Amino acid sequence: MSEDTIYERIARLETEVKKIRADLDIIMKFHKNKLVKLQVKRVKDGKI
């Protein structure tokens, strides 16, 4: 491991956290859209 300062390590971790949050947002939007489509289908089929 190189001789990084704590500030450099924190900056890299913050960058990684931002990437993970962005990926999580995409996954959450996908599942939310999927759920909405399922609910619309159930309404059309008269199951709700």
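Modeller: Gly46, with a positive phi near 75°, follows helix 1. Bear in mind that this is a predicted model, where local features need pLDDT of at least 70, side-chain atom pairs count only at pLDDT 80 or more, and totals for chains, interfaces and linings use all residues. Numbering starts from 1 along each chain as its sequence is written, and side-chain values use heavy atoms, with hydrogens and water left out.

Colleague: How many helices and strands are there in the protein chain?

Modeller: One helix and zero strands; these are DSSP runs numbered from the N terminus, H or I of at least four residues for helices and E of at least two for strands.

Colleague: What span should the 39 residues of helix 1 have?

Modeller: The rule is 1.5 Å times one less than the number of residues. That gives 57 Å for helix 1, and its end C-alpha atoms are 57 Å apart, so the two agree.

Colleague: Why does Ile10 count as partly exposed?

Modeller: Buried means under 20% relative accessible area and exposed over 50%, with partly exposed in between (1.4 Å probe, protein chains only). Ile10 has 38%, so it counts as partly exposed. Ile10 sits in helix 1, residues 6–44.

Colleague: What share of the 48 residues of the protein chain counts as buried?

Modeller: 0%.

Colleague: How far apart are the mean positions of the positive and negative charges?

Modeller: 17 Å, for 13 positive and 8 negative charges. Lys and Arg count as positive, Asp and Glu as negative; His and the chain ends are not counted. Each charge is placed at NZ of Lys, CZ of Arg, CG of Asp or CD of Glu.
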